[in-house]
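Colleague: I am new to this structure and would like to learn how to read it. Could you take me through some features one by one?

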Amino acid sequence: MATEKMEFQTEVRDLLNLMIHSLYSNKEIFIRELVSNAADALDKRRFLSVSDAALLPVGTTLKIDIAVNTEGKLITIEDNGIGMNREELISNLGTIARSGTKHFLKSLKENEQANIDLIGQFGVGFYSAFMVAEKVEVLTMKAGETQGYLWTSAGTGEFEITEAPKQEPGTKITIYLKDDEESLDFANEWQIKNIIQKYSEFISYAIYFHPEPTKNDKGEIETQEPKRLNDKPALWRQSEKEVTQDQYKEFYNVVAHEGTEPLAWSHSHAEGSMEFWSLVYIPAKAPFNVWNNERSHGLKLYVKKIFIMDDCKELLPTWLRFVRGVVDSEDLPLNVSREILQSNKIITNIRKHVIKKVLDSLLQMADKEADKYNDWWRELGAILKEGFHMNWEHLDELKKLLRFRTTKTEGNSLASLTEYISRMPETQKEIYYLIGDHKEGIESNPLLEAFRSKGFEVLLMTDPIDEFMMGSLTEFGEKKFHDVSRGDVDFDKTEEEKKAEEASKSEFKGLFDALQKSLDAHIKEVRVSSRLKESPCCLVTSEDVMSSRMERMMEAMGQGKMEKSKRILEINPSHPISQMLKAKVENSEDLEDWPKALYGQALLAEGSPLPNPSEYVQAINKLLTRAAK
Ligand code: ADP
């Protein structure tokens, strides 16, 4: 085969361009990325050999070899893992856009110094080599095949592929270092050793460094024995006492493919009817792509120390998909398949255990380190809220973990349901909440006016998931939840208040009928409001129908056009506008544009979109013009 030249996919080219010109101060992470790719390739070969023994002949030791050549200005990183065939080389290293490429480019544009470290998370770690390389060669042969290939690129617009002989399956990456002091400095045993110790100490395969041959006194070349750089047993199989805090944090970087500190972790060893080890981490920051529950890394499953799979969904419910870590079972068979995992008693038990450990860690933090927990909640709390759906087992713990902004919290602070209940005045019977589309402005929704004046706190919810969550969250302790935008509110009214309300009902009947007539397409009832203090009107939803937000969400989720349920317009009888309109009706005057204006105001005040914005603007303009005359 002649050498073939190919072009990098556009986004990859942009990424390479950024890498080549990067001023990032921590370029050493390219070694972490290449070693981590090598370890993944070893995992894959070992795993596939369970069902196809020919892929791993007896006596083969899976390992990673690193060597430097100072004169030649190069570093090689070699593994005897799964390797790649021609198609895989082309698609993995250049021509197929990976979803992470675009996201990573975006994050780099925001803050290159902070974000390059996250490269592994985006599935484009290989390209980090171009921060220090003027040319990279990848010589590889796939296990089970006989033809090797050489991929070469200088990281500019294109790469080359040619057939090349290779003895063993696996991949050898050669980095031709750029001719600057910073890059050349990596071709050095001491540097490599430090970097491996920092990032890759817990890789479960041996990593060897091959020192450069030296000349002895007689001028003869002497080769030296390779040195093992990592020799720790699997961290999760050590006892908690043996592992330092720093080691736990470093191991997190390995399993989570990132360089930040975890929020918390839980390490345990269960023995008895079944034996397993688990080390699970709760990230402090939302991992890339965690909002899309199709693609997340989750937990790695090992059986008897042998890697079986990444992202073992069976071990965690989707509402804990941000958790990272390792589970190692002594009892599962080595050839477990996804199908077996789905209905396996051992997995069910481990899953229970892992969920408990994660929830316990969070509860403990919520209790002892409230500020830290609240920061975490703002990052990832919305995922935990998904746990309320179709879940009866963990509701009590989840309820305790919920945090809310409320009409009484200030700035960044959040309240738990326990705090909320402890602040309830005696006259308040229920837990009130309001769901809105936007964080901004929800606290000025007119629906909150009467609650404020009574001193009743209202939970403010603005996550898209809140509407679904509240479908399953009906009470906390003895108290029921009540959506303030729905149905009637049962304030303990004084006799006087009740009388006044009855009086308003009959006084305003004429106005209500007139409003109903002109807004009939949108409104099913007009009534006196006991929720409003300053605003003239608001919209509420009956108890038994879907909220307008839910209707919009269902539409957005492709459920087709929803039949819009009509809402209830509540009028504040003591507001000057209501009084003025009532007088108009009594004098048999036309209400003109007022009904449209009031309806539009009510929608805008709760943050809902207007069905016909230009009609609303025209109505308002007419009213304003009249006032200006
Ligand atoms: P990631 O490893 O996060 O998927 P990379 O950009 O580092 O992203 O690598 C891209 C892909 O190239 C990998 O997913 C893998 O399929 C392949 N690859 C990289 N290095 C090796 C290797 N040493 N052996 C086999 N395949 C590799």
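Modeller: Gladly, and let us begin with strands: two strands pair if DSSP finds at least two bridges between them. The strands themselves are DSSP runs of E with at least two residues, helices are runs of H or I with at least four residues, and both are numbered from the N terminus. Here, strand 2 and strand 3 (residues 74–79) are antiparallel partners over six bridges. Within that pair, Ile64 stands opposite Asp79 in strand 3.

Colleague: Before we go on, what kind of model is this, and how are its residues numbered?

Modeller: This is a predicted model, in which local features need pLDDT of at least 70 and side-chain atom pairs count only at pLDDT 80 or more, while totals for chains, interfaces and linings use all residues. Residues are numbered from 1 along each chain as its sequence is written, and side-chain values use heavy atoms, with hydrogens and water left out.

Colleague: Thanks! Which strand pairs with strand 2 in the parallel sense?

Modeller: That is strand 8, joined to strand 2 (residues 63–69) by five bridges. Lys63 stands opposite Ala206 there. Strand 8 (residues 206–210) also holds Tyr208.

Colleague: How do I read the surroundings of Tyr208, and which residues does Tyr208 touch?

Modeller: Contact means heavy atoms within 4.5 Å. Leaving out residues up to four places away in sequence, Tyr208 touches Lys63, Ile64, Asp65, Ile66, Pro226, Lys227 and Arg228. The C-alpha atoms of Tyr208 and Pro226 are 5.9 Å apart, although 18 residues separate them along the chain.

Colleague: Why does Tyr208 count as partly exposed?

Modeller: Buried means under 20% relative accessible area, exposed over 50%, and partly exposed in between, with a 1.4 Å probe and protein chains only. Tyr208 counts as partly exposed because its relative accessibility is 24%.

Colleague: Now the loops. Where is Lys73, and what is its phi?

Modeller: Lys73 lies in the loop between strand 2 and strand 3. Its phi is near 55°, a positive value in a residue other than glycine. The hairpin of these two strands has four residues between them. Lys73 is partly exposed, because its relative accessibility is 32%.

Colleague: And Asp311: buried or exposed?

Modeller: Asp311 is buried, because its relative accessible area is 17%. Asp311 sits in the loop between strand 15 and strand 16, with a positive phi near 50°.

Colleague: In what order do the strands of the open sheet lie?

Modeller: Five strands make up this open sheet, in the order 12-13-16-14-15, with mixed pairing. Strand 12 (262–270) and strand 15 (306–309) are the edges, each pairing on one side only. Inside the sheet, six bridges join strand 13 (residues 276–283) to strand 16 (residues 324–329) in antiparallel fashion, and Trp277 stands opposite Asp328.

Colleague: Last, the ligand. Which residues come nearest?

Modeller: A residue is near a molecule if one of its heavy atoms lies within 4 Å of it. Of the 13 residues around the ligand, Asn37, Asp79, Asn92, Gly123 and Phe126 come nearest.
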